[in-house]
Amino acid sequence: GRCWASLNKSYVIGVVSMSNSKSTIKRLSILWVVPPIIVGVAAFVLLVGGKAAPIKSEKQEVVRAVRTITVPKLAIRPMAEGYGVVQPAKVWSAIAQVSGRIIKMHPRLRNGEIISAGELLFKVDPINYELVLEQLKAQLLELEIQHTNTDDLLTIEQRNFELANQEFQRLSQLSATGGVSQSSIDSAERIMLNSRSSVQNLRNSLSLIPTQQRVLKAKLAQAERDLDNSVVYAPFNLRIANLSMEREQYVTTGQKLFVGDGIDRSEVVAQVALSSVSKLFTSHRSAPSSLQMSEGLAEYAELTSTVQVDMGNESAEWSAEFVRFTDSVDSETRTIGVVVAIDKPYSKIIPGVRPPLSKGMFVRLQLFGRIQPEQIIIPRTAVRGGEVMLMDGEQRLQTSKVEILYRQGDINIVSSGVNEGDILVVSDLIPAVNGMLLKPQLDNKLQQQLLDYQND
């Protein structure tokens, strides 16, 4: 029993000793953590204490970078543009004026061929018209002979009438003395009257002969004309189209044989908007007179024009002459026809560059008016809602309302709201606030494009 008690006592003492040693170790481990914390706090204090206090700064104004140009004042030639189709200025329809068989044709009388003025196109068999002509000549000669014979007969009959009248007068005097019977007197009077009737008939025949001669001469002239019309020559330089005849074919009077398109002058009828045409006359203070409207409108408005054909990578161009406006306005498209002409289009061919200006070719027409000096122009894209953005002397944004005189291509011609030398902002600013600070950068390309509109 004593041994067990001693053993328990020793165990209790050992357990107590072990507990004390663990507590001691825990306190020591805590002490090892404290120094690093102290060192870190000290370092933070040193860092913070050595840095200067932050300086409070004021808010900076935002500056917007923009593209700008200087508004120019230039001499501008107004232009109206339209599209149309080429057609010959003169078109000749070959219509048979006589009937007959075609006995001769031009060797190049085919569609598309060009035949010079004065060359024979075709010939109709003239035999029938030659016969008629000879018959009429014979009738006219016969009438002339008849006139001569009738005139001679009239002379004879007039003498017979004189003798018969004398005999009647003599017998009438003798009847008063009873020396002549009444039957003799009546017979003499009958002879006298018959002779007078013959004279009158011959005179009537002579008076009708001039009329008959005029009729025969008219028929003769018609026969000669028919004979001339049996041979047809080219009235001008022409290009054959719509050919519907062959050699040995019988044609009748009035039959359409082919069409000849004149090649010396071509016309273009282009449809141009009324608004575009009106700007060609903007600089004119007075309306044209009736004479100028009918004959000298081109000189009055100094109208010039060019015709262009799209050739793919490039375009061919011809100088054209303004001829007239058409007689009506298209109510649906609000366009009017403008007619211009090109002289000698086939002589202006450049192989590979400028083709022949052929019938039916679709072209663009540019019609130019009188040069208008000192016009303010700005890009069309610079106008937004009737306003433009300008930069003032302090490089701040200012908006201004503008009035557009007219538009042409990529530019606006301005009548008010912008002055020469103003700095125009061409960038899109969203939002655009008056007074905002700008950083301008000149758009050299756009500036040069505007200057290229200058007309001398």
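Student: What should I know before I start?
Tutor: This is a predicted model, where local features need pLDDT of at least 70, side-chain atom pairs count only at pLDDT 80 or more, and totals for chains, interfaces and linings use all residues. Residues are numbered from 1 along each chain as its sequence is written, and side-chain values use heavy atoms, with hydrogens and water left out.

Student: How many helices and strands does the protein have?
Tutor: Helices (H or I, at least four residues) and strands (E, at least two) are DSSP runs, numbered from the N terminus. Here there are seven helices and 23 strands.

Student: Where does α3 bend?
Tutor: A bend is the angle between axes fitted to the seven residues ending at a residue and the seven starting there. In α3 the bend is about 25 degrees, at isoleucine 209. Proline 210 follows within four residues.

Student: How do I read a sheet?
Tutor: Strands of a sheet pair through backbone hydrogen bonds, either parallel or antiparallel. Two strands count as paired if DSSP finds at least two bridges between them.

Student: What does a hairpin look like here?
Tutor: Take β13 and β14, which run antiparallel and share six bridges. Four residues lie between them, and glycine 312 in the turn has a positive phi of about 100 degrees. Valine 309 stands opposite alanine 316 in β14. Next, β14 pairs with β15 over six bridges, in the antiparallel sense. Their hairpin has four residues between the strands, and arginine 334 takes a positive phi near 55 degrees.

Student: How do I find a core?
Tutor: In soluble globular proteins, nonpolar side chains tend to be buried together. A nonpolar core is a set of buried Ala, Val, Leu, Ile, Met, Phe, Trp, Tyr and Cys residues joined through side-chain atoms within 4.5 Å. The largest one here has 26 residues, and Val268, Val307, Leu357 and Val363 have the most contacts inside it. Elements giving two or more residues to this core include β3, β12 (265-273) and β16 (362-368).

Student: Is alanine 89 buried, partly exposed or exposed?
Tutor: Buried means under 20% relative accessible area, exposed over 50%, and partly exposed in between (1.4 Å probe, protein chains only). Alanine 89 counts as partly exposed because its relative accessibility is 30%. Its place is the loop between β3 (79-88) and β4 (91-95).

Student: Which residues does alanine 89 contact beyond its sequence neighbours?
Tutor: Contact means heavy atoms within 4.5 Å. Leaving aside neighbours within four places in sequence, alanine 89 touches Arg265, Ser266 and Glu267. Alanine 89 and glutamate 267 are 178 residues apart in sequence, but 5.3 Å apart in space, C-alpha to C-alpha.
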